Amino acid sequence: MSHYDAIIIGAGLGGLVCGQILSREGMNVLLLEAQDRPGGNLLSFTRHGCRFDTGVHYVGAFGPGQPLRTYWDYLGLTGVVKPEPLDPECFDRVILGDRSFSLPQGFERFTERLSEQLPGHRRSIERYVEMLERVAASSPLYRVSSWQAFPGKPFHSISAAAFLETLGGGHEAPSPGSVLAGNNYLYGGCRETPLSTHALIQHSLISGACRFPGGTGAVAEALTRSIGHAGGRVLTGHRVTRISRPGGDFHVTASTGETFQSSRVIAAIHPRVALEMTDPVLFRPVYRKRVAAMPDTPAPFALFLALKPGAFPHLRHNIHYHASLVPWDEDRCPAAQWPSTFMLATSAGAPGQAHADSAVILSYMPPAPEGLLQENKPGQRAETYKAFKAEKAGQLLALAGSLLPGLKEATAHADAATGHTWQDYTGTPGGSLYGIRKDAGNPEATAMFARTPVSEFYFTGQSTNLHGVLGVTTGAVLTCGEIVGTDYLLEKIRHG
């Protein structure tokens, strides 16, 4: 039986970053990945000659000296991808009913332009920017600063929706709070989302939003190589089936029949799925029940459009549409009103390309007949499931086409994916967009910590800390910090 200092389950971004950090610290590390390629949501896929991103559509805080750039500099990833900055005047276009608003980059420009679009609400917008700065200043992982300098955890018990509603305005016209909640698809559109989650995502995007035209698959490849150069291993096609601890070490068994032994385990997958792999005696029933009761963020419905050459512009902004002036709870939209929201992003093969090669339209999973989504495996779907997807794809494309002239005519091929697809390929229950849904009204009950009640068993990934590229990267640092020391690790990251 092979022995390792750490076994990491899942080779998405969180698992790969943990593997690289611990390998660099001299540990003998093994990553076990169920799929045939490491990378998870970092990966793209090709269909009809077009490349499509699965999970990374744009990121923030990637400018020099900004948080994501600082972490990726340390990890050796900055030069692996070529960023394409989004439009300084509009990184996100928010559409509420028949009104459209532009969210610009840079805090001064953000305040000025949004005040022009929302006359009479300048002070509310200034209050909002002040709040973003306070949350960012209170977050050690975001500031890449000593953990000891940030006592307390403010902003976790205030919901984003509650704060945004204090910014004024009525239901007759879009209010500042509605506009600023307009890109809430980035955190699942949940009213319960803590203000801290909303603020760190928005602060990072206003600081500097960009895309990666070539996709982020190269990031997974670079991290995998780095782990190998440091003596670690990444094994694909190894779905973990059992985790036990018959003595001092963990025994991790894979679908191949192999069992590996380790001093510690890091589960870089959904916590509920990880616990299902463990022997019943490993975690107490009360802990299992607590995790099992945690609600997940909504599942997506995605439409991948292969566009005709030169037929549709490459938009240097993303579009967030809402039928209502109050953009909340849209994942609970009745079937007759679906789709009530979507996010759209275009892709091109190179920075500065005038026309888009492809586009992705994301909405929430529509209501489906009971049992429909559990019918078959990939490549073996039932005809009723295919008909359901085709119907919903047509509805979503029709709505997007009515708002974006020429999009429908420019579409050569359209392929849909449901939350069931996400579940099959990521292992996330129900295909949840961002894992466990954090609740500002009950933060302790919905918080997943890197350290668990079982000694040397850890979690990382989007259900811990914060989701998204920056959130998962910092969450992996936090998990590794539990092993090697957080302040020690942050000091190394700050100084390269």
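1. Handedness of the helix 1/helix 15 crossing. Helix 1 and helix 15 cross in the right-handed sense; a crossing is right-handed if the near helix is turned clockwise from the far one by less than a right angle, and left-handed if anticlockwise. The axes of helix 1 (residues 13-24) and helix 15 (residues 468-484) come within 9 Å, with a crossing angle of roughly 40 degrees. That makes helix 1 oblique to helix 15, since angles under 35 degrees count as roughly parallel, over 145 as roughly antiparallel, 65 to 115 as roughly perpendicular and the rest as oblique. The axes are lines fitted to C-alpha atoms, for helices over the stretch in contact, and the angles run from 0 to 180 degrees between N-to-C directions. Helices here are DSSP runs of H or I with at least four residues, strands are E runs with at least two, and both are numbered from the N terminus.

2. Ground rules before going on. This is a predicted model, where local features need pLDDT of at least 70 and side-chain atom pairs count only at pLDDT 80 or more, while totals for chains, interfaces and linings use all residues. Residues are numbered from 1 along each chain as its sequence is written, and side-chain values use heavy atoms, with hydrogens and water left out.

3. What sits in that helix contact? From helix 1 come Leu13, Gly14, Val17, Cys18, Ile21 and Leu22, and they meet Val469, Val472, Thr473, Ala476, Val477, Thr479, Cys480, Ile483 and Val484 of helix 15. Contact means heavy atoms within 4.5 Å. By class, the contact of helix 1 with helix 15 has 12 nonpolar, three polar and no charged residues. For the classes, Ala, Val, Leu, Ile, Met, Phe, Trp, Tyr, Cys and Pro count as nonpolar, Asp, Glu, Lys and Arg as charged, and the others, Gly among them, as polar.

4. Strand 11 pairs with strand 12 (residues 250-254) in the antiparallel sense over four bridges, and Val240 has Ala254 in strand 12 as its bridge partner. Two strands pair if DSSP finds at least two bridges between them.

5. Strand 7 and its partners. Four of the five residues in strand 7 (residues 92-96) are buried, where buried means under 20% relative accessible area, exposed over 50%, and partly exposed in between (1.4 Å probe, protein chains only). Strand 7 pairs with strand 8 (residues 99-103) in the antiparallel sense over five bridges, with Asp92 opposite Leu103. The two form a hairpin with two residues between them, and Gly97 in the turn has a positive phi of about 65 degrees. Strand 7 also runs parallel to strand 16, joined by five bridges; here Ile95 stands opposite Tyr321.

6. Another hairpin to look at. Strand 4 (residues 44-47) and strand 5 are antiparallel, paired over four bridges, and Thr46 has Arg51 in strand 5 as its bridge partner. This hairpin has two residues between the strands, and His48 takes a positive phi near 55 degrees.

7. Backbone spots I'd check by eye. Most residues other than glycine have a negative phi, and most peptide bonds are trans. Ala61, in the loop between strand 5 (50-53) and helix 2 (67-75), has a positive phi of about 55 degrees. Is Ala61 buried or exposed? Ala61 is buried, at a relative accessible area of 0%. Asn465 has a positive phi of about 60 degrees and is found in the loop between strand 20 (457-459) and helix 15; Asn465 is partly exposed, at 30%. A cis peptide bond, with omega about 0 degrees, joins Trp338 and Pro339, and Pro339 lies in the loop between strand 16 (318-322) and strand 17 (341-347).

8. Two single residues. Ser124 lies in helix 4 (residues 122-137) and is buried, with a relative accessible area of 12%. Leaving aside neighbours within four places in sequence, Ser124 is in contact with Leu167 and Pro176. Gly310, in the loop between strand 15 (300-307) and strand 16, counts as partly exposed at 49% relative accessibility. The C-alpha atoms of Gly310 and Ala356 are separated by 7.3 Å, with the two residues 46 apart along the chain.
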